[in-house]
Amino acid sequence: MRPTIVLVHGAFAESASWDRGIDPLVAEGHRVIAAANPLRGLAADAAAISDLVRTIEGPVVLVAHSYGGAVISNVDADAGEIAGLVYVNAFAPDTGESCFQLAGMFPGSTLGEATVQPVPRSDGTTDLYVAPDSFHDIFCADVPAPQAVLMAATQRPATQEALVEPSGEHPLWKHVPSWFLIGEEDRIIPTALQRYMAKRARAQRTVAVEGASHAIAVSRPDATVHPILEAAALRVAA
């Protein structure tokens with residue numbers, strides 16, 4: 001049975017950010033689900049994706065962008081037959097690490113007070129958006145300006161609490177094969193950090209794409225699809 005591909009978006013994006021990569025995956029015979037990541041809290045978001053995986057028969061390849069990488073790293077190992085993890089400009093935290101903590105380990109991230117728009121919520125949490133006038137430059141510099149405007153307008157906020165929440169005790173990448181795709185012009189997650197996490201995870205393969213922004217799944221769908229198909233093929237071959 002060919003693996004089902006579950007695509008998990010990150011902060012400041014939504015499920016449609018995977019649109020350009022879905023058709024090639026379906027053409028290769030895979031069922032594809034672009035999951036709605038709640039972006040409310042790391043443990044709660046991972047539980048939501050775990051619940052989705054439990055409904056899937058057969059092998060699953062989890063693919064994540066940005067904060068979504070922290071989410072799939074915390075998916076319950078017993079949720080299903082998880083065959084591979086693909087990190088697309090994504091965080092892969094170890095126990096106790098948070099996304100914000102990791103982003104500060106290496107220089108290069110432009111996400112900060114000057115580029116983030118906080119929205120305090122009545123439940124005591126704080127939603128974070130990328131400020132519209134910064135979005136194109138720091139999030140998706142390699143997409144056309146009109147598309148960047150649309151992406152900024154439709155972005156979904158993550159809570160600040162999710163981005164500072166420590167990762168759980170059993171990172172999935174310690175037990176499941178992983179692939180890392182790195183945009184060389186990522187201005188959200190430093191490329192040095194991504195290489196560090198890939199090496200730590202003993203990735204099957206790490207590929208860097210010259211000139212690619214943080215929104216690599218939007219701007220370089222072909223490059224994004226390749227490691228996903230490789231991860232899926234490894235499971236089929238096994």
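Q: How do you know that strand 5 and strand 6 pair, and in which sense do they run?
A: Two strands pair if DSSP finds at least two bridges between them. Strand 5 and strand 6 (residues 126-130) are joined by five bridges and run antiparallel, so they meet the rule of at least two bridges. The strands themselves are DSSP runs of E with at least two residues, and helices are runs of H or I with at least four residues, numbered from the N terminus. One of the bridge partners is T126 in strand 6, which goes with P120.

Q: What kind of model is this, and how are residues numbered?
A: This is a predicted model, in which local features need pLDDT of at least 70 and side-chain atom pairs count only at pLDDT 80 or more, while totals for chains, interfaces and linings use all residues. Residues are numbered from 1 along each chain as its sequence is written, and side-chain values use heavy atoms, with hydrogens and water left out.

Q: What makes strand 5 and strand 7 edge strands?
A: The open sheet of three strands has the order 5-6-7, with antiparallel pairing. Strand 5 (116-120) and strand 7 (158-159) each have a single partner strand, so one side of each is left without a neighbour in the sheet. Strand 6 is joined to strand 7 by two bridges, and L128 stands opposite A158 in strand 7.

Q: Why is strand 6 called mostly covered?
A: Buried means under 20% relative accessible area, exposed over 50%, and partly exposed in between (1.4 Å probe, protein chains only). In strand 6, four of the five residues are buried.

Q: What is the strand order of the sheet with parallel pairing, and which strands stand at its edges?
A: This open sheet has six strands in the order 2-1-3-4-8-9. Strand 2 and strand 9 (205-209) stand at the edges, each with a single partner strand, so one side of each has no neighbour in the sheet.

Q: Why is the crossover from strand 1 to strand 2 called right-handed?
A: A crossover is right-handed if, with the strands pointing away from the viewer, the path from the first strand over the helix to the second runs clockwise. Strand 1 (residues 4-8) and strand 2 (residues 32-35) pair in the parallel sense over four bridges. The chain goes from strand 1 through helix 1 (residues 19-27) to strand 2, and this β-α-β crossover is right-handed.

Q: How do you know that C99 and C140 form no disulfide?
A: A disulfide is a pair of cysteine sulfur atoms within 2.5 Å. By this rule the count comes to zero disulfides. C99 is in no disulfide, and the nearest cysteine sulfur, that of C140, is 20 Å away. For C140, the closest cysteine sulfur is in C99, at 20 Å, which is too far for a bond.

Q: Are C99 and C140 buried or exposed?
A: C99 has 3% relative accessibility and so counts as buried. C140, at 0%, also counts as buried.

Q: What makes a group of residues a nonpolar core, and which residues have the most contacts inside the largest one?
A: A nonpolar core is a set of buried Ala, Val, Leu, Ile, Met, Phe, Trp, Tyr and Cys residues joined through side-chain atoms within 4.5 Å. The largest has 57 residues, and those with the most contacts inside it are L62, Y67, L85, F91 and F139. A second, separate core of 19 residues includes L7, W18, V32 and I216.
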